[in-house]
Amino acid sequence: MFLSCGEENPEVYFDELPYPDPFQLSLNLDLVSYQSLQFEKNVVLPDVGLNGVIVVKRAENDYAAFERTCPYEPEKECSIVSMNAGQQYLECECGNSFYNLSGYPTNSPSPRKLREYYTSLSGRNLYIDNTIVNSENR
């Protein structure tokens, strides 16, 4: 039996991207450079991960950090993930791949979810490191 793209729960594979250099970050959400997470749903951290990390605010006190390298055709230079203008989903700039705010592909040729890095919120500090989250265990 074959799975079609229209299936409600398609089988999603985890990424096969190389591992990034280790990183550990602490973002004070009260600092001007990260206050955009209070008003918008994302901030880009360009100097970590493979091609940067995009931090997404999914709900009050619920944040996720995704690798910006699109898992669909990652070898392309334009294969960078960003938040769409309406801040409702994530998209790959060249692959016509779209992802929900949990990192799963939606209406997308990509069979892989976005790589998610570990996040933890303590007070007004958001901690992020290079530990790859297996969403099945979250």
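What is the mean pLDDT of the protein chain, and what share of its residues reach 70 or more?

## Confidence of the model

The mean pLDDT is 85, and 88% of the residues of the protein chain reach 70 or more. Here pLDDT is the predictor's confidence in each residue, on a scale from 0 to 100. This is a predicted model, in which local features need pLDDT of at least 70 and side-chain atom pairs count only at pLDDT 80 or more, while totals for chains, interfaces and linings use all residues. Residues are numbered from 1 along each chain as its sequence is written, and side-chain values use heavy atoms, with hydrogens and water left out.

A contact means heavy atoms within 4.5 Å.

## The sheet

Strands of a sheet pair through backbone hydrogen bonds, either parallel or antiparallel. In this model, six strands form an open sheet in the order S1-S9-S8-S4-S3-S2, and the pairing is antiparallel. Two strands count as paired if DSSP finds at least two bridges between them. Strand S1 (24-28) and strand S2 (42-45) are the edge strands, each pairing on one side only. From one strand to the next, the twist averages 25 degrees. The angles behind such values run from 0 to 180 degrees between N-to-C directions, with axes that are lines fitted to C-alpha atoms, for helices over the stretch in contact.

S1 is joined by five bridges to strand S9 (residues 125-132), and the two run antiparallel. Leu-25 has Ile-128 in S9 as its bridge partner, and Asn-28 stands opposite Asn-125 in S9. S9 is also joined to S8, by six bridges and again antiparallel; there, Leu-121 stands opposite Leu-126. S8 and S9 form a hairpin with two residues between them, and Gly-123 in the turn has a positive phi of about 65 degrees.

## The cysteines

A disulfide is a covalent bond between the sulfur atoms of two cysteines. In the model, a pair of cysteine sulfur atoms within 2.5 Å is taken as a disulfide, and the count by this rule is one. The pair is Cys-78 and Cys-94, with sulfur atoms 2.4 Å apart. Cys-78 lies in the loop between strand S4 (62-67) and strand S5 (81-83), and Cys-94 in the loop between strand S6 (90-92) and strand S7 (98-99), so the pair ties together parts that are 16 residues apart in sequence. The torsion about the S-S bond is about 90 degrees, so the disulfide is right-handed.

Buried means under 20% relative accessible area, exposed means over 50%, and partly exposed is in between (1.4 Å probe, protein chains only). Cys-78 is partly exposed at 34%, and Cys-94 is partly exposed at 23%. Cys-70, in contrast, is buried at 0%. Its sulfur is 3.0 Å from the closest cysteine sulfur, in Cys-92, which is too far for a bond. Cys-92 is in no disulfide and is buried at 5%.

## A buried asparagine

Asn-84 lies in the loop between S5 and S6. Its relative accessibility is 8%, so Asn-84 counts as buried. Leaving out residues up to four places away in sequence, Asn-84 touches Tyr-89 and Glu-91.

Terms used:
Helices (H or I, at least four residues) and strands (E, at least two) are DSSP runs, numbered from the N terminus.
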